[in-house]
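This report concerns the model shown below. Please keep the sequence and the coordinates at hand while reading.

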Amino acid sequence: MSVMGLFFLFIASIVVLWLAREGVMSANWLEEGSANWLEEGESVGVAKASSGSVGAPPPAAKVGLGVFLAVALCVFSLLTAAFFMRMGSPDWQSPPLPRILWLNTAFLIASSIALQWAYFAAELDDEARLRLLLKIAAATSGCFLLGQLWAWKDLIAEGYYAASNAANAFFFLLTAIHGLHLLGGLVALARTIDKAWRAVDRAALQTSVELCTIYWHFVLAIWLVILAMLAGEMNAFGALCRQVLS
Amino acid sequence: MTDATLSDATVAGEHGVPPAEVPELDLYHPHSWLGKYVFSQDAKYIAIQYGGTATAVGLLGLVMSWIIRLQLAFPGSFSWLDANLYYQAVTMHGMIMVVYLLTAVLLGGFGNYLIPLMVGARDMVFPFVNMLSYWVFLLAVIVLLASYFVPGGPTGAGWTLYPPQAIMTGTPGHDGGIILMLISLALFIVGFTMGGLNYVVTVLQARTRGMTLMRMPLTVWGIFAAAVLALLAFPGLLVAAIMMLFDRLLGTSFFMPAMVEFGELKNTVGGSPILFQHLFWFFGHPEVYIVALPAFGIVSDIIATHARKNIFGYRMMVWAIIAIGVLSLIVWGHHMYVSGMNPWFGFFFAVTTLAIAVPTALKVYNWVLTLWRADIHFTTPMLFALGFLVTFTNGGLTGLYLGNVIVDVPLSATMFVVAHFHMVMGVAPIMVILGAIYHWYPKMTGRMMDERLGKIHFWITFLGAYAVFFPMHYLGILGVPRRFYELGEISWLPPSAATLNVFITVAALTVGAAQAIFFFNVFWSLRHGKPSGSNPWRATTLEWQTAETPPGHGNFGRELPIVYRWAYAYSVPGAPEDFLPQNAPPLKGEHAT
């Protein structure tokens, strides 16, 4: 549950930043003679002109994605917390890491890079390159998912069933939920690819590509943490968390 | 409606104000009857769908409570009422009321109806996702109800679903019931997340021009904070449900320790039931405030409107909502005082729990101070709001007792706890929901509900609820345990305890049946209610200033309103009437708020 503490600190800092940006603290009624009914700090969804750098409000879809990723982060934080708490029990025996996971990781990194590149291409309006990169991203993500299934097959073939040890069960649980998360992203990516072929509205296409890019970086970051957990690289951190709790 | 009728306000010349800078929403225009009334993407229809479904399943929860009460008052009198049915009734009553009724009505119902109207938006920002949210919720309800028709019936594990007993043979509904319950909860959370995204992003992005955060009505603040809280808390339940499904279906041991069942060693080893409790209460405690915060907000608006006075300490009220939301995420351990945790943890959770009393008490004081020397109109919504004030304070005070480890440990397994949480999160939010329906019904239908029936309904509900739950505290202090199917002979319980149980049951049956008055009123007033006009309560908030009543698709007709002041400009000196709508142009010499 210490992991949840870290998660809350992160969310809290975002909330505080947002409240400050929206000018909740401003005591405008104290400013004598201010007849500005709708002036600075009063306009909506737009940052104060004085805070300059923020500029135009982000599109609703981007804010929506941010909120959704916060929820997803909450789910993964809770799974991590559960992983570390359960790990302390003496019956815990980590399964060996299927070697294909390294290849899968490479696929996911490639996919993330391809999307970042696609985002640049979308900004430059380089249509041919954008389409190619989107296809590469989708293909490498597909390879990642197939590779994860392969890893499951490997584990089961060697007798590491979900029921035989909680560590195995966590392996299947974490990879399954992460896989589902990526699968959801692939649906969005498919719609973006569809848009890239019929693109009439360039700005909408650019936003879609940008959102996919953010999503994929998130998926990759989560995967790297999960990989570290499964490889036992974070055991010391887990032990620390348990110590704090008991 | 054509596109031209949905353009934003362009009153630049009139008040020296540029047009509303709200991006035009891509409103979906339904072409068929099905698209308009069934698969509607209009938040107002979705709200009514949410509310109707939740109320229907809530009536089932009410029947379940009757079964519980019949058994407690007359043990052994009904041959059909066996232990399995009793435990199933306890479980389903709890789960339905907390999740499928209260959460769904307050966020899915009032959230959908009021957020776009009150912040001056045309609709939610993602109308399609919003529609999907309702249909996934409906699916969750259907899966939940399906558990009545599988062999073994619904689960009887208690609404907390504690493992290992929730999935062991011998617990009612361990075959199909528990599986369907877990699937239904997971679906509910998926559906809620879709809705919650909408509530949060709409408040963040779609407010009309001039509607700053500190001009939002407290209803919107309450629902907004509750939605954020729910988005952060429900994942706890989701993770717990998925892991328990693994335990039940694949035989994993996330939560299952080494166990012997019917003389046979089970295959599980080392699992941690306490881990489940952490995950469950990580959701379970914020859930109390997911229900309470919208209620706080709604009650503030009802009190201010019907007392014709501005809410006392608006900013304090907002910060109290935020403080309660933040604190409620770090108090879940107070549900686990008896789980044998480290005493220091008990200390930590007791401190955070008691700390919540500060912002909460602040809100109660502010409500009372709003009423102080106000022009109180004892309308039905106002009566329910006052009823909430009393029941919530009562339930909150017993919460202070139970928040202390040393008091909680002996009381934890008694009826005192049942009385406490029913008072604070059962009766109090229901009072607000009923009051809010009486308050906003004219906007939803264009007709008033019958006041006389409303008052009869209020007094029976209010006094009846007290008759049910007030004596229950006494039973708890006597030591009457909760959860038990039958008490038998217990030496320390006087015979009067059984008599009191009969009294409570009679009151419970009466209050439940009296809700028929309310339903009659709702349906009768649809056709025969007095026409209400657009603003029968002479309220300031934007939903009362719409061109049409009930508001059409797009909410505000041709022009979005522009907001000039907060939502509580009642009895302003020098104003032509005793209220100034949020979108009325500034008066001469009026101070900006």
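The sections below treat confidence, fold, helix packing, selected residues and backbone geometry.

## Basis and confidence

The model is predicted: local features require a pLDDT of at least 70, side-chain atom pairs count only at pLDDT 80 or more, and totals for chains, interfaces and linings use all residues. Residues are numbered from 1 along each chain as its sequence is written, while chains are lettered from A and ligands numbered from 1 in the order in which they are written.

For the complex, the predictor reports an ipTM of 0.90 and a pTM of 0.92. Chain B has an average pLDDT of 91, with 94% of its residues scoring at least 70. In chain B, the pLDDT is below 50 over residues 1–25, a stretch with 41 contacts beyond near neighbours in sequence.

## Fold of chain A

Chain A contains 7 helices and 0 strands. Helices (H or I, at least four residues) and strands (E, at least two) are DSSP runs, numbered from the N terminus. The order of elements in chain A, read from the N terminus, is α-α-α-α-α-α-α.

Of the 246 residues in chain A, 35% are buried. A residue is buried if 20 or more other C-beta atoms lie within 10 Å of its own, exposed if 12 or fewer, and partly exposed in between, with C-beta atoms placed from the backbone. Among contacts in chain A with a separation of 6 or more, 75% join residues 24 or more positions apart.

## Packing of helices 7 and 8 in chain B

Two packed helices are described by the angle between their axes and the distance between the axes. In chain B, the axes of helix 7 (residues 218–250) and helix 8 (residues 273–306) come within 8 Å and cross at roughly 160°. Axes are lines fitted to C-alpha atoms, for helices over the stretch in contact, and angles run from 0 to 180 degrees between N-to-C directions. Helix 7 and helix 8 of chain B are therefore roughly antiparallel to each other; angles under 35 degrees count as roughly parallel, over 145 as roughly antiparallel, 65 to 115 as roughly perpendicular and the rest as oblique.

The crossing of helix 7 and helix 8 of chain B is left-handed, meaning that the near helix is turned anticlockwise from the far one by less than a right angle. Their contact in chain B comprises 26 nonpolar, 5 polar and 2 charged residues. Ala, Val, Leu, Ile, Met, Phe, Trp, Tyr, Cys and Pro count as nonpolar, Asp, Glu, Lys and Arg as charged, and the others, Gly among them, as polar.

## Two buried residues of chain B

B:Ala43 lies in helix 3 (residues 43–73) of chain B and counts as buried because it has 29 C-beta neighbours inside 10 Å. Beyond four places in sequence, its contacts include B:Asn112, B:Tyr113, B:Pro116 and B:Asn130. B:Ala43 and B:Pro359 are 316 residues apart in sequence and 32 Å apart in space, C-alpha to C-alpha.

B:Thr380 belongs to helix 11 of chain B and is buried, with 26 other C-beta atoms within 10 Å. Outside four places in sequence, B:Thr380 contacts B:Tyr438, B:Glu451, B:Gly454, B:Lys455 and B:Phe458. A C-alpha separation of 9.7 Å is found between B:Thr380 and B:Ala436, 56 residues apart along the chain.

## Backbone geometry

Most residues other than glycine have a negative phi, and most peptide bonds are trans. A:Asp125, not a glycine, has a positive phi of about 65°. A:Asp125 is placed in the loop between helix 3 (100–124) and helix 4 (127–157) of chain A and, with 12 C-beta neighbours inside 10 Å, counts as exposed. B:Arg373 has a positive phi near 55°. This residue, B:Arg373, occupies the loop between helix 10 (343–371) and helix 11 (380–403) of chain B and counts as exposed, with 9 C-beta neighbours inside 10 Å.

The peptide bond joining B:Pro163 and B:Pro164 is cis, with omega about 0°; B:Pro164 sits in the loop between helix 5 (127–146) and helix 6 (177–205) of chain B. The bond from B:Thr549 to B:Pro550 is also cis, with omega near -5°, and B:Pro550 falls in the segment after helix 15 (496–528) of chain B.

How values were computed:
pLDDT is the predictor's confidence in each residue, from 0 to 100. Two residues are in contact if their C-beta atoms, placed from the backbone, lie within 7 Å.
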